[in-house]
Amino acid sequence: MKLLISNIKTLVQVEETPRKWVAGTDMANLNCIDDAYLLIEDEKISDFGKMEDMPNYDEMDGFDHVEEIDATGRMVFPSFCDSHTHLVYAGSREIEYTDKIKGLSYEEIAKRGGGILNSAKRMHDATEDELYEAAMERIHEIISMGTGAVEIKSGYGLTVEDELKMLRVIKRIKETTPLTIKSSFLGAHAVPAEYRGRQGEYVDLVINEMIPQVAAEDLADYIDVFCDEGFFTVEETDRILNAGMKHGMRPKIHANELDYSGGIQVGVKYNALSVDHLEFVGEEEIKCLKDSETMPTVLPGAAFFLNMVCSPVRDMMNAGLPVALASDFNPGSSPSGNMKFIMSLACINYKMLPQEAVNATTINSAYAMGVQEELGSIARGKIANVFITKEIPSVEFMPYAYGSNLIDAVILRGQRL
Ligand code: NIG
Ligand code: FE
């Protein structure tokens, strides 16, 4: 199977030598080739370059059946990597949306039995098949919006059985879509109502029952904890991460969304792959992230939807840190997996340059979900997950035209969908 995309107006995010991530002032640089071609063989990117240097494939052995797409006027991007979602869930929560409009805070809604516990109840009542069907609709939607890899968390189960049910659904999605999927076990997302006042016992359940069973079925790549004010403490997070790591799950956690929670520090202490949300980041947190292997990941959709303060992304980049962006797709705080819109929010609300936003939603978010060796850029040998835009004037036009669908064709694992 060979696919040749020719006459590409601009081939975006090209790497001769793949990098681990892009950090600091480098984030403003985006490597592109104008008037380019891209050759895909089987599932992988095999070659690319300027049209004037394109080999004469017609005359080469083995090139009798090359499918060709003429991309005149159109750009090719590597697919987005969405490194933080909760897209397996049962039922939407627009009632809370109106409560929020009326002025209730996230914590107030959670205290009234809304929030995560509301989703946990519905998760309990849903069958695996129902959850799978609903999640697959979201999967098809994000594919059409340019996402090529997605991390999905558990965390709406909050009982041994229901957490396993969620993770089995994620496993089934993994096996049945061309998207690259990573899964995170987030048993410590909220304390269930039955454990109110006995939070320590719930943490024990996560450590002693859930983690071993999740590991026995090999259901999770990563271990996550909502380490924040009103949710799980640093000490509890420390214990849970330790237990997860003993079972081979690297930490990748929710931190500093609601306060200077110490979540970043405990994440870095255990070499988390990423620490996510980061509305509350000061000098100490930045210092801690420097020289770590942990990707600071910002979720502009959640901050937008909950009307929160913005993470100090510029301070992190000025300090030389990389930054990744993800959607946080979930029914409570970010009911959208539209990564192009996430770029627009990053540009408008966080003053990120369009080039920085592209780096943050491709290479850096690929790192944040552990797929940077196979995805996140146009590089020889990487999986051919790319999208072709409609005719657009520039890279900047992508986040600028924030409400327009600018994606014309999606290619996943070398197959045009
Ligand atoms: O990432 N911050 C914690 N958890 C989710 C919210 C989930 C929900 O409200 O259902 C988040 O925003
Ligand atoms: Fe989240």
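This is a predicted model: local features need pLDDT of at least 70, side-chain atom pairs count only at pLDDT 80 or more; totals for chains, interfaces and linings use all residues.
Trainee: Which protein residues are the donors of the iron ion (ligand 2), and through which atoms?

Mentor: The protein donors lie 2.1 to 2.4 Å from the iron ion (ligand 2). Along the chain these donors follow the spacing H-x1-H-x167-H-x73-D, a pattern that you can trace on the sequence above. Named with their atoms, the donors are His-84 (NE2), His-86 (NE2), His-254 (NE2) and Asp-328 (OD).

Trainee: How many residues apart in sequence are the parts that His-84 and His-254 tie together?

Mentor: His-84 lies in the loop between strand S6 (80-82) and helix H1 (94-101), whereas His-254 belongs to strand S11 (residues 253-255). Both His-84 and His-254 are buried. Because the two histidines sit in these separate elements, the pair ties together parts of the chain that are 170 residues apart in sequence.

Trainee: Which residues gather in the patch of negative charge on the surface?

Mentor: One of the members is Asp-35, which is found in strand S2 (residues 32-41). Asp-35 counts as partly exposed because its relative accessibility is 41%, a value that falls between the limits of 20% and 50%. Taken together, the residues of this negative patch are Asp-34, Asp-35, Glu-52 and Asp-53.

Trainee: Which residues are linked with Glu-15 in a network of salt bridges?

Mentor: Glu-15 forms a salt bridge with Lys-382, in which the closest N and O atoms are 3.7 Å apart. That pair links distant parts of the chain, with Glu-15 in the loop between S1 and S2 and Lys-382 in the loop between helix H14 (363-368) and strand S15 (386-391), 367 residues apart. Both Glu-15 and Lys-382 are buried. The network that contains Glu-15 also includes Arg-19 and Lys-382.

Trainee: Are Arg-198 and Glu-201 buried or partly exposed?

Mentor: The side chains of Arg-198 and Glu-201 meet in a salt bridge at 2.6 Å, N to O. Arg-198 has a relative accessible area of 33%, and Glu-201 has a relative accessibility of 41%. On these values Arg-198 is partly exposed, and Glu-201 likewise counts as partly exposed.

Trainee: What is the phi of His-277, which is a residue other than glycine?

Mentor: Most residues other than glycine have a negative phi, which is the background for looking at this residue. His-277 is found in strand S12 (residues 274-277) and is buried, with a relative accessible area of 1%. The phi of His-277 is a positive value, near 105°.

Trainee: And what is the phi of Arg-413?

Mentor: Arg-413 has its place in the loop between strand S16 (407-412) and strand S17 (415-416). This arginine is partly exposed, with a relative accessible area of 26%. Its phi is again a positive value in a residue other than glycine, near 50°.

Trainee: What distance separates the C-alpha atoms of Val-76 and Leu-11?

Mentor: Val-76 lies in strand S5 (residues 74-78), and at 0% relative accessibility Val-76 counts as buried. Val-76 and Leu-11 are 65 residues apart along the chain, and their C-alpha atoms are separated by 5.0 Å.

Trainee: How far apart in space are Met-166 and His-140, C-alpha to C-alpha?

Mentor: Met-166 has its place in helix H5 (residues 160-176), where it counts as buried at 0% relative accessibility. Met-166 and His-140 are 26 residues apart in sequence, and their C-alpha to C-alpha distance is 19 Å.

Key:
Residues are numbered from 1 along each chain as its sequence is written. Chains are lettered from A and ligands numbered from 1 in the order in which they are written. Side-chain values use heavy atoms; hydrogens and water are left out. Donors are N, O and S atoms within 2.8 Å of the metal (3.2 Å for Na, K and Ca); water is not among the atoms, so sites may look incomplete. Helices (H or I, at least four residues) and strands (E, at least two) are DSSP runs, numbered from the N terminus. Buried means under 20% relative accessible area, exposed over 50%, partly exposed in between (1.4 Å probe, protein chains only). Patches are made of residues with over 30% relative accessible area and no salt bridge: like charges are joined within 9 Å, nonpolar side chains (Val, Leu, Ile, Met, Phe, Trp, Tyr) within 5 Å. Accessible areas come from the Shrake-Rupley method with a 1.4 Å probe; for residues, only the protein chains shown count as cover. A salt bridge is a side-chain nitrogen of Lys or Arg within 4 Å of a carboxyl oxygen of Asp or Glu. Lys and Arg count as positive and Asp and Glu as negative; His and the chain ends are not counted. The place of a charge is taken as NZ of Lys, CZ of Arg, CG of Asp or CD of Glu.
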